[in-house]
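This report describes selected side-chain features of one protein model. The sequence and structure are shown first.

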Amino acid sequence: MKYSLSVVICSINPDNCIRLLNSLKRYITNQEIIIIIDGRKYLNNTQFFDLCNTMRVRLHINYKNKGLSYSRNLAMNLCVNDYILFLDDDVLVVDNVLKEFEKKFIKGYKIGGAKLSFPPKYKNKGKWLPKGYSYLFGVHSNENKIWGACFGFQISVAKENGIFFQDNLGRKGKQLQSGDDTLFVKQYIDVVKNSFFLDIVLYHYFSEKRFKLSYILKRIYWQGRSERRRNNFIKGIKKEWMRSSLDNNSLIKFLLGKLLMIIFFVGYVVEILSEWRYK
């Protein structure tokens, strides 16, 4: 089928894929499903492998951890279809997002994403952060569109224009660098000049450690390093200033926002020093 999708899940832990696969069961028709496992550390869950067999999943294992960007670039070569939909292993599909993406591609759109929301069990968490920082939790808000956990595009457009995911921005190991998806989408949209963002919602069941201040500080530190790697610091610091100023009616949130902006700047400086060190 011309506009059928290849659904791709990139993960380091097969256990995390089970909930997503079960949620996809009712919606899969003729779509191809590919799972790329980055590393051999967690390959002992028989339930996962049984589910892959039942759903006819194409399973690929990187026997060494090579990072998220490597897996995403690899996926574009593994797909039998020309349209790909990346789903993070910790999202839950609660409506037929596959059908909605295919409808948009039939209409001529080349790239698009969908909203990510807190699951019901997370509803009252994370309210201590300024509003603009919901992106640190990987969920959508009025201020932010989160692409990474659910986005799709026509593969041939990316290949013909030399648009790929940058390895130094994709998550690898314990490092929290980010932005390979954001940069990819920006470069792609610059070429095709159109995109869509569905109102359809997926639940993002990320680890609850993200609600701890220690994680938030580490995440924003790596955001600063990533913006330097993208040569996007000026725009990045402007965004952080805007985000840190959204809760002026709350002194605590205002001060926390400014602290996060400082940590962001520290990450940027550390990245510059790291570049000088290896020159």
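## Basis and a buried serine

Buried means under 20% relative accessible area, exposed over 50%, and partly exposed in between, using a 1.4 Å probe and protein chains only. The model is predicted: local features need pLDDT of at least 70, side-chain atom pairs count only at pLDDT 80 or more, and totals for chains, interfaces and linings use all residues. Residues are numbered from 1 along each chain as its sequence is written, and side-chain values use heavy atoms, without hydrogens and water.

Ser 4 lies in the segment before β1 (5-11); helices (H or I, at least four residues) and strands (E, at least two) are DSSP runs numbered from the N terminus. Ser 4 is buried, at 2% relative accessible area. Beyond residues up to four places away in sequence, Ser 4 touches Asn 30, Gln 31, Asn 81, Tyr 83 and Glu 102 (contact: heavy atoms within 4.5 Å).

## Salt bridges

The whole structure holds 13 salt bridges, each defined as a side-chain nitrogen of Lys or Arg within 4 Å of a carboxyl oxygen of Asp or Glu. In one of them, Arg 58 pairs with Glu 32, with the closest N and O atoms 2.5 Å apart. This pair links distant parts of the chain, strand β3 (residues 58-62) and strand β2 (residues 32-38), 26 residues apart. Arg 58 is partly exposed at 35%, whereas Glu 32 is buried at 10%.

Glu 275 and Arg 228 also meet in a salt bridge (2.9 Å, N to O). Glu 275 lies in helix α9 and Arg 228 in helix α7, so the pair ties together parts 47 residues apart in sequence.
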